[in-house]
Amino acid sequence: MGVGRSNHAASLRTFSGVQAADVVGISYRQLDYWARTDLVRPSATDASGSGTRREYVYRDLLELKVIKNLLDAGIKLESVRNVFAYLRRHVTTDVASAHIVISGKSVVLCDGDHLVDAVRNGQGVLNVLPLATVKQELDAKIVELKKAETAAMLSSATTAASLAASARLRSNAR
């Protein structure tokens, strides 16, 4: 079975609340609270009253695990809610494909060439300087410099040879 098929099968599988809590590493009580307060609602089956079971899918487990990691890193629950509200609006693939940087109490999303503060609802923080581009520009300038130096040396050598030939001609003419 290929990797793609195995991931596809995992994405179709559902997990009970107890299983989801166990896989993510949180208590069932915490999972229940997060579901009741709309932090993460189960995508497969939501509870519709007493005695009904919530069913989570793989994407839900990814979100739950990211939430747990953010909380473990010291990010406040209210900030985590803001981060996920932002991520759900702006990240169209699963949250595992996003690049998140945690700095103190800030959560920054790497979105292309920009770093965006997800806690402050998308306020731009910094621009990312892609170092590969800097290296390519530097390498191109060095190649230009070498070409210019080579051309200058050839020009100097040609001028020196020309002057030497002129001097020989003058000396032979005397």
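1. Accessibility terms. A residue is called buried under 20% relative accessible area, exposed over 50%, and partly exposed in between, with a 1.4 Å probe and protein chains only. By that rule R59 is partly exposed, with a relative accessible area of 34%.

2. Basis of the values. The structure is a predicted model, in which local features need pLDDT of at least 70 and side-chain atom pairs count only at pLDDT 80 or more, while totals for chains, interfaces and linings use all residues. Residues are numbered from 1 along each chain as its sequence is written, and side-chain values use heavy atoms, with hydrogens and water left out.

3. Salt bridges overall. The term covers a side-chain nitrogen of Lys or Arg within 4 Å of a carboxyl oxygen of Asp or Glu. Searching the whole structure gives 6 salt bridges.

4. D32 and R54. One of the salt bridges links D32 with R54, whose closest N and O atoms are 2.7 Å apart. D32 belongs to helix α3 (residues 28-36) and R54 to the loop between α3 and β2 (55-56), so the pair ties together parts that are 22 residues apart in sequence. Helices (H or I, at least four residues) and strands (E, at least two) are DSSP runs, numbered from the N terminus. D32 and R54 are both buried.

5. E63 and R59. A salt bridge also joins E63 to R59, with 3.6 Å between the closest N and O atoms. Both residues sit in helix α4 (residues 58-72), 4 residues apart, or about one turn of the helix. E63 is buried, at 6% relative accessibility, whereas R59 is partly exposed.

6. A network. Through salt bridges that share partners, D32, R36 and R54 are joined into one network.

7. R41 and D38. These two side chains form a salt bridge at 3.1 Å, N to O. R41 is partly exposed at 32% relative accessibility, and D38 is exposed, its relative accessible area being 51%.

8. Packing of α3 and α4. The two helices pack at an angle of about 105°, and their axes are 13 Å apart. Axes are lines fitted to C-alpha atoms, for helices over the stretch in contact, and angles run from 0 to 180 degrees between N-to-C directions. The helices α3 and α4 are therefore roughly perpendicular, a label for angles of 65 to 115 degrees; under 35 is roughly parallel, over 145 roughly antiparallel, and the rest oblique.

9. Residues between the helices. Q30, L31 and W34 of α3 are in contact with L64, I67, K68 and L71 of α4, contact meaning heavy atoms within 4.5 Å. The residues of this contact comprise 5 nonpolar, 1 polar and 1 charged. Ala, Val, Leu, Ile, Met, Phe, Trp, Tyr, Cys and Pro count as nonpolar, Asp, Glu, Lys and Arg as charged, and the others, Gly among them, as polar.
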